[in-house]
Amino acid sequence: MARKIVMTSGKGGVGKTTVCCNLGVQLAKRGCRVLVADLDFGLNNADVALGVENLALYDLVDAVEGKCRPRQALTRHPRYPTLSVLPSGRVAEHYVSPQAIRLVLDSLAPQFDFILLDSPAGIEEGFHRAASCAEEAVLVTTPHVSAMRDADRVAGMLAHYRFGRTGLVVNLVRKDRTRRGETLSPEEISSLLRVPLLGTVPEEDRLYLNNIEGRSRPFKALAGKLLGEEDRGFGGRR
Ligand SMILES: Nc1ncnc2c1ncn2[C@@H]1O[C@H](COP(=O)(O)OP(=O)(O)O)[C@@H](O)[C@H]1O
Ligand SMILES: [Mg+2]
């Protein structure tokens, strides 16, 4: 049965989709059966981040509305046979309830080791819908003050969900700026937010290509942590 992990952040543009998709690739490269499920109905860009946007026939909204079976809504990644993507699809005509999404995901869960849920920014309905489908959470932030402030609000909300595990990923880290004291270090951010540090990702120039080619070192390390290879720090809010 799949581990369902939601990527959250509060602020938009901090790297949720990037983390979700890169992790998906890395876990699939290790032979895990991974589903990247896009619950960001507004943007629906996980398929683009994985380079499969032209392959999808159906999406999550189609599955919820009964236009296809949940399995048919999956797009298999041509490069990684054990990686599938479930695009969120267009904004539905009708409200898509968390229960309806959970039903679809639960029916797919036995076929996967991981279901990674990409969620929208903000702390409104879309956030709660995604969080209520998961059992574990990854909080993504950057070292910027506005992102950390939003992450703090989300961390507080995540505490209510009583996730089995919650971990922090600090994205867009620049060591030179941390060294000069211009930004907090990932460790300092982790203790400020009281969420255990799962990994750090530097600013990368060729991020998109590195992602699809699965070469990104930080994400390899992150996948290892999720698999418990170095089981430090993936716990609850302290
Ligand atoms: N580590 C990184 N290095 C360089 N660019 C990044 C990095 N992480 C994210 N980006 C870029 O920042 C933008 C926003 O990232 P995205 O993952 O879509 O954020 P979110 O899903 O939180 O809104 C994208 O264009 C993405 O390619
Ligand atoms: Mg996104």
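Colleague: Which strand pairs with β1 in the parallel sense over four bridges?

Modeller: That's strand β6, residues 136–141. Strands here are DSSP E runs of at least two residues, helices H or I runs of at least four, numbered from the N terminus, and two strands pair if DSSP finds at least two bridges between them. Keep in mind it's a predicted model: local features need pLDDT of at least 70, side-chain atom pairs count only at pLDDT 80 or more, and totals for chains, interfaces and linings use all residues. Residues are numbered from 1 along each chain as written, with chains lettered from A and ligands numbered from 1 in written order.

Colleague: And what sits opposite Met7 in β5?

Modeller: Asp118. In β6, the bridge partner of Met7 is Val138.

Colleague: Switching to Lys16, is that buried or exposed?

Modeller: Lys16 is buried, because 28 other C-beta atoms lie within 10 Å. The cut-offs, with C-betas placed from the backbone, are 20 or more within 10 Å for buried, 12 or fewer for exposed, and partly exposed in between.

Colleague: Where does Lys16 sit?

Modeller: In helix α1, residues 16–29. Its contacts (C-betas, placed from the backbone, within 7 Å) include Met7 and Asp118, leaving out residues up to four places away in sequence.

Colleague: What supplies the largest share of the shell around ligand 1?

Modeller: α1, with three residues.

How values were computed:
Two residues are in contact if their C-beta atoms, placed from the backbone, lie within 7 Å.
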